[in-house]
Amino acid sequence: MLQFARWLFQQLFPAACPLCKQTFPAGWAEPFCSSCSAGFLVLPSGRCSCCALPFGGGANSSHLCSRCLQNPPAFSQVHALGRYEKSLREAIHQFKFNNQVSLDRPLAEILAAVIPPGCEFDLIVPVPLSPARLRHRSFNQALLLGRELGKRLAAPVENGLLVKQVETIAQHDLSASERQRNLQGAFRVTRNLSGERVLLVDDVMTTGSTLRACSSVLQGAGSGDIQVAVLGRA
Ligand SMILES: [Zn+2]
Ligand SMILES: [Zn+2]
């Protein structure tokens, strides 16, 4: 009876790809359809072993980029779903700016799959928005992703641990050093840590200045190893 009810439900409401809305073929078990999945471009093997910056010019081995060599971040590793291009860029825009909040689950599902099974975390910490930005958008996309990741990685999400205390100007047009200056003093933690291993979560990593600033504040508060999970890596 239950099986019949499930079958009937699937006939009446066939599942569709959450991004392009195409109906899934019967028995489809992936979170996105095949053409959207094909547009999620994985990072090249030639990339920074710390910040995951893709290396150009056909490099195919991983080593540290010059920035991580000269100025190592407080995080040890970045896990990224893929390049911030094509389907992934579209999905992040729909999720963040078009109120398609139900994309949190399918996106977190494929993001969790790129985090190696040996990685364990005591805390999942979303990158916070400033109070004004949060009022404007009404949700923090990093928190939604963090919650879904927390279910899959069996780690608690601590949303209020890291707060953004000043409104910074938009980062898009700033250079890396200007971004760093712009973010000085922007984040603080609300309690001391005692060696907890943290997974810091955000939707996109471009220059990495925000994730660097958040990580150093967490490290200053006494965290253990910090790793980063993002959907898109520019
Ligand atoms: Zn699709
Ligand atoms: Zn790097």
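Which residues does Ser 130 touch, not counting residues up to four places away in sequence? Ser 130 touches Lys 164, Val 166 and Glu 167; contact means heavy atoms within 4.5 Å. This is a predicted model, in which local features need pLDDT of at least 70, side-chain atom pairs count only at pLDDT 80 or more, and totals for chains, interfaces and linings use all residues. Residues are numbered from 1 along each chain as its sequence is written, chains are lettered from A and ligands numbered from 1 in the order in which they are written, and side-chain values use heavy atoms, with hydrogens and water left out.

**Ser 130**

- Ser 130 sits in the loop between strand 2 and helix 6 (131-137). Helices (H or I, at least four residues) and strands (E, at least two) are DSSP runs, numbered from the N terminus.
- Ser 130 counts as buried, at 3% relative accessibility. Buried means under 20% relative accessible area, exposed over 50%, and partly exposed in between (1.4 Å probe, protein chains only).

**Zinc ion (ligand 1)**

- The protein donors are Cys 17 (SG), Cys 20 (SG), Cys 33 (SG) and Cys 36 (SG), lying 2.3 Å from the zinc ion. Donors are N, O and S atoms within 2.8 Å of the metal (3.2 Å for Na, K and Ca); water is not among the atoms, so sites may look incomplete.
- The site is tetrahedral, with angles of 103 to 116° among its four donor atoms. Four donors count as tetrahedral if all angles lie between 85 and 135 degrees.
- The donor residues are spaced C-x2-C-x12-C-x2-C in sequence.
- Cys 20 and Cys 36 link distant parts of the chain, 16 residues apart. Cys 20 is in the loop between helix 1 (2-12) and helix 2 (34-38), and Cys 36 is in helix 2.
- Cys 20 is partly exposed at 32% relative accessibility, whereas Cys 36 is buried at 7%.

**Zinc ion (ligand 2)**

- Cys 48 (SG), Cys 51 (SG), Cys 65 (SG) and Cys 68 (SG) coordinate this zinc ion at 2.3 Å.
- Angles of 104 to 112° among the four donor atoms make this site tetrahedral.
- The spacing of the donor residues in sequence is C-x2-C-x13-C-x2-C.
- Cys 48 lies in the loop between helix 2 and helix 3 (66-70), and Cys 68 in helix 3, so the pair ties together parts that are 20 residues apart in sequence.
- Cys 48 is buried, with a relative accessible area of 2%. Cys 68 is buried at 4% relative accessibility, and Cys 51 is buried at 7%.

- A search of the whole structure finds zero disulfides. A disulfide is a pair of cysteine sulfur atoms within 2.5 Å.

- Four strands form an open sheet in the order 1-6-5-2, with parallel pairing. Two strands pair if DSSP finds at least two bridges between them.
- Strand 1 (77-83) and strand 2 (123-126) stand at the edges; each has a single partner strand, so one side of each is left without a neighbour in the sheet.
- Neighbouring strands are turned by 20° against each other on average, direction ignored. Axes are lines fitted to C-alpha atoms, for helices over the stretch in contact, and angles run from 0 to 180 degrees between N-to-C directions.
- Strand 2 and strand 5 (residues 198-205) run parallel and are joined by four bridges. Leu 200 in strand 5 is the bridge partner of Val 125.

**Helices on the sheet**

- Helix 4 (residues 86-97) lies across strand 1, strand 5 and strand 6 (226-233), at about 100° to strand 6.
- Helix 5 (residues 104-113) packs on the sheet and touches strand 1 and strand 6. The direction of helix 5 makes about 125° with that of strand 1.

Conventions. Four donors count as tetrahedral if all angles lie between 85 and 135 degrees; four count as square planar and six as octahedral if opposite donors are over 155 degrees apart and all others between 65 and 115; anything else is irregular.
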